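This report describes selected features of a two-part assembly, moving from one chain to the other and ending with a single residue. The sequence and coordinates are shown first.

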Amino acid sequence: MSRKLFTRRDLLVAGARATGLVALGSLACDSQRPRQGFLGLMERVNERFERGLFRPDRLAPELPESDETPEGEFPAYHITPEVPVAPAGWALSVRGLVERPLTLSVQDLQRLPRTSTRVRHHCVEGWSAVASWQGVRLSEVARLARVDPRARYVEFRSFDSGYWSSWDLESALHPQTILAYGMNGQPLAREYGAPLRLYSAVKLGYKMVKYLAAVSFLPVRTGGYWEDRGYEWFAGV
Amino acid sequence: MPPPQPWIVRVTHWVNVVLLVIMAGSGLRILGAHPMLGPVGAEYEWYPLQGTPPPDALTLGSWLAGARHWHFAFAWLFAANALVYVVYLAASGEWRRRLFLPRRDLANAGGTFLYYLRLRRTPPPQDGLYNGLQRLAYTSILALAPLLVLTGLALYKPVQLPWLTALLGGYDTARTLHLLLLAAVALFALVHVVQVLLHPRTLGDMITGGRRREAGS
C-alpha cells in the first residue's frame, strides 16, 4: 500500500481553513475581550481620532456657581469597601523621568500657585455633574520636577486598593488638569479622594485617580485599574 | 427606468438593518449603566423609565466596557453606510422618486393618511415608486440619521466639540435627544415592518431589486 497519510490537496485545504479561521478570529467581536479582534482594531482607530481631535490649548467652558450639582448629589466611588483613609505622614511622591524627584505634603502643594476650575464632569456610566475644584496644575508640578523630554506618559497611583491609571502627557499637562486638595471651596472630603486627587476637564471620571499616592513620568504607556479590565485607555471627552 | 430597488439601495438597506441592531443594542446596554436622564439628583418626571434599565434581551455587549467598544466601533460603519446611500441618491438622481418634495407629495401624503384612517374610501393616485406618505416617512427617517450621529458625537467628545454640545443644549440634553432619536427609529421600524407584512411584494423588491416597470405604468 502506497497511500499517503496526507495528499498535497489535503494540506492545502487544511492550510486555507486555518488561515480563514485566523482571519475570522482577528475580525471577531468579543465583548469580554474588547481589546482583541475587530473591537480592538477599532479602539486603536478611535484613539487616533481622539488624539487628533484633542487640542492642548482648548479649554472646557468654566461654569457658573449656579450650575454646581447640589451637595451630596455628586456621586463618589472608591474600590476599597470602606472610604479609604490616607496613611499617617502622607505625601505625594513625584518620580520617573524627572531631574528633581519631589515629595510633597498637602502644605507644600498649597504653597504652589493655586488654581480653581469649575467644569462639567463626565462619567463613563453616562451621568454628568459639576463641582469646583481647587488645587495646583499638574503642569506646575511637572515644571518643578523638571520632567525629561523623553517622558510621554504619566502614571497615577493611589492608596485605594491599588487603583491607578496612566495618561498621555498632553492631557496630563492640560491647564485644566489639576491635583486637587479642595472641592467647592472646602477642603477635599474623604469620599471625593482626600487628601489629594487628580481632576481634569478632558478625561472621563475613571481616569481621575483619587486618594493619590504617586505620580510618575514615564517613556512608555502603561494601563490602569479599569483599563486593564477592558475600558478604553485614552478615554478623553 | 431603473428597477424599483437598485443594488446599492438594497445592499445599504440590509447593511443598515444589521448596523442599527448593533447600535441600538449596544446603546441600550450603555444606557443600562445609568438608566436615568437629566442632571444627577434632578427629577425628570416626564421620562417614565427613569431608573429602569433596558431588558437584557434588547442589549448587546454584555457589560458597559464591551458595549462601548461595540458602539464606537460600529458607529463608523453606520455613518459610512449612510454616506454611501446619500451620495448614491444624489449622484444617481434616485432622490427624485424617493425624497419628499412638498409640491408633489404633500396633498398625496394627506390623502393617503386620511385613507389609512378610513376617512377616505380610496387612496389618492400614486405618483411613481412611492406614495406621498411613504416619501415623508423615508425622508424623515433619513433626516434622523445625521441627528443620531451628531448627538452621539456630542456625547463622545463634549469638550473637544464644544460648539456641537452647546448647540444641542448641553451634555445631558444631548443624551436625552440621542435616546429620543432611537425611540423614533424604533417606531419607524415597527410601522415599516407592519407595512411590509401587509405588502409582501416590497420585501421581494428589496431582496431581488424587483422588476423593471415601464415609465408611467
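## Chain B: elements and extent

Helices are taken here as DSSP runs of H or I with at least four residues, strands as runs of E with at least two, and both are numbered from the N terminus. The model under discussion is a predicted one. Read from the N terminus on, the elements of chain B follow the pattern α-α-α-α-α-α-α-α, in keeping with a count of eight helices and zero strands.

Along the principal axes, the C-alpha atoms of chain B fill a box of roughly 60 × 35 × 35 Å. Among the contacts in chain B that link residues at least 6 apart in sequence, 64% are between residues at least 24 apart.

## Chain B: surface and charge

Chain B has 217 residues, of which 41% count as buried. Its accessible surface amounts to about 12,100 Å², and carbon and sulfur atoms account for 71% of that area.

As for charged side chains, chain B carries 18 positive and 9 negative ones, and the centres of these two sets are 10 Å apart.

## Chain A: the open sheet

In chain A, five strands make up an open sheet with mixed pairing, arranged in the order S2-S1-S10-S5-S6. Its edges are formed by strand S2 (102-104) and strand S6 (164-168) of chain A, each of which pairs on one side only. On average, and with direction ignored, neighbouring strands of this sheet are turned by 15° against each other.

Within the sheet, strand S5 (residues 153-158) and strand S10 (residues 212-218) of chain A run antiparallel and are joined by six bridges; Ser158(A), for example, has Leu212(A) as its bridge partner in S10(A). Helix H4 (residues 138-145) of chain A lies across strand S1 (92-96), S2, S5 and S10 of that chain, and runs at about 135° to S2(A).

## Phe54 of chain A

Phe54(A) sits in the loop between helix H2 (37-53) and S1 of chain A. Is this residue, Phe54(A), buried or exposed? Phe54(A) counts as buried because its relative accessibility is 7%, and the cut-off for being buried is under 20%.

Apart from neighbours within four places in sequence, Phe54(A) is in contact with Glu170(A), Ser171(A), His174(A) and Val202(A), and also with Gln160(B) of the other chain. The C-alpha atoms of Phe54(A) and Thr80(A), by contrast, are separated by 33 Å, the two residues being 26 apart along the chain.

Technical notes. Residues numbered from 1 in each chain as written. Chains lettered and ligands numbered in written order. Predicted model: local features only at pLDDT ≥ 70, side-chain atom pairs only at ≥ 80, totals over all residues. Heavy atoms only, no water. Pairing = 2+ DSSP bridges. Axes fitted to C-alpha atoms, helices over the stretch in contact; angles between N-to-C directions. Contact = heavy atoms within 4.5 Å. Buried < 20%, exposed > 50% of the residue type's maximum accessible area, 1.4 Å probe, protein only. Areas by Shrake-Rupley, 256 points an atom, 1.4 Å probe, with all protein chains shown as cover. Lys, Arg positive; Asp, Glu negative; His and termini not counted. Charge placed at Lys NZ, Arg CZ, Asp CG, Glu CD.
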